[in-house]
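Please read them with the structure open beside you.

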Amino acid sequence: MSLRHSYTVIAPLYDALLATAGTGVRAASLGQMPQQGDLNVLISGIGSGLDLPYLPPCHHYVGLDLTAAMLRRAKSRTGSLRLNLIQGNSMLLPFADGTFDHVVLHLILAIVPDATACLRETARVLKPGGSVLILDKFLKPGESAWGRRILNLLSQHIVTRLDVVFEEVLADVPELKVEEDVPVLAGGWFRRIRLVKL
């Protein structure tokens, strides 16, 4: 089953599963975004739009997702935000180099089949000095986590990967540097990370 098909099928259930889980950490992550100005912000993997209530209204947003079903759900949460919704692939972004001031990657790096390609594309479309806000689940370097790795054999084909080591992904994108890395949920499995493009 492809991720496009999986997320089309689970779109109606997505909010019920995730709407309340992690609400505070979403808000804390997005609270790092400048609260003034008129910036261009990409939400890569916008899903059903659970981040939208926490975004500063002053910026212009582009929300990208792989499935039309998720984008339809996100559209209902747009409110007064200046938001363009685009169907596309986070591993092959349909934007020019240096288009965005900031990029949001909430619960996407551990979902896409190639997290490195996703982060490389994020760096490509980000302006120098821009930031990337990440919220996701990552194994620690050298962590065995056999249970998660065994579950990953199935889950990676349906909804998410459980074996992503963020440090390994970041090592292949040297133009991005860590400014903040905070454990937030599940004993540090979920982390809030802020990167900056040099």
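The points below go from the overall fold to the sheet, the helices packed on it, and a few individual side chains.

1. The coordinates are a predicted model, and what follows should be read as a description of that model.

2. On the chain as a whole, buried residues make up 50% of the 198 residues, and the accessible surface comes to about 8900 Å², with 60% of it belonging to carbon and sulfur atoms. Among contacts with a separation of 6 or more, 67% are between residues 24 or more positions apart.

3. The seven strands form an open sheet of mixed pairing, and their order across it is 3-2-1-4-5-7-6. Strand 3 (82–87) and strand 6 (176–185) are the edge strands, each of them pairing on one side only. On average, and with direction ignored, neighbouring strands of this sheet are turned by 15° against each other.

4. Within that sheet, strand 5 (residues 126–137) and strand 7 (residues 190–197) run antiparallel and are joined by seven bridges; in one of the pairings between them, L135 has R192 of strand 7 as its bridge partner.

5. Helix 3 (residues 68–75) lies across strand 2 (60–65) and strand 3, and runs at about 170° to strand 3. Helix 4 (residues 115–125) packs on the sheet, where it touches strand 1 (40–44), strand 4 (100–106), strand 5, strand 6 and strand 7, and its direction makes about 150° with that of strand 5.

6. How enclosed is helix 4 by the rest of the structure? Nine of its eleven residues are buried, so helix 4 is largely enclosed; the buried residues are A115, T116, A117, C118, L119, E121, T122, A123 and V125. These buried residues pack against strand 1, strand 4, strand 5, strand 6 and strand 7, and also against helix 6 (166–171). At the N-terminal end, helix 4 is capped by D114, a side-chain oxygen of which lies 3.2 Å from the backbone nitrogen of T116.

7. The side chain of H102 makes a polar contact of 2.6 Å with the side chain of S131. Leaving aside neighbours within four places in sequence, H102 is in contact with P34, L39, N40, V41, L42, L126 and S131.

8. A search of the whole structure finds two aromatic pairs. F95 and F100 form an edge-to-face pair, at 5.1 Å centre to centre and with 85° between the planes, and both F95 and F100 are buried. The other pair consists of F138 and F166, whose ring centres are 5.2 Å apart and whose planes are at 50°, so this pair is tilted. It links distant parts of the chain, since F138 is in the loop between strand 5 and helix 5 (146–155) whereas F166 is in helix 6, 28 residues apart. Both F138 and F166 are buried.

Technical notes: Residues are numbered from 1 along each chain as its sequence is written. This is a predicted model: local features need pLDDT of at least 70, side-chain atom pairs count only at pLDDT 80 or more; totals for chains, interfaces and linings use all residues. Side-chain values use heavy atoms; hydrogens and water are left out. Two strands pair if DSSP finds at least two bridges between them. Helices (H or I, at least four residues) and strands (E, at least two) are DSSP runs, numbered from the N terminus. Axes are lines fitted to C-alpha atoms, for helices over the stretch in contact, and angles run from 0 to 180 degrees between N-to-C directions. Contact means heavy atoms within 4.5 Å. A polar contact is a pair of N or O atoms within 3.5 Å; within protein, one must be able to donate a hydrogen and the other to accept it, and residues adjacent in sequence count only if both atoms are side-chain atoms. Buried means under 20% relative accessible area, exposed over 50%, partly exposed in between (1.4 Å probe, protein chains only). Rings of Phe, Tyr and Trp (its six-membered ring) pair if their centres lie within 6.5 Å; planes under 30 degrees apart count as stacked, over 60 as edge-to-face and the rest as tilted. Accessible areas come from the Shrake-Rupley method with a 1.4 Å probe; for residues, only the protein chains shown count as cover.
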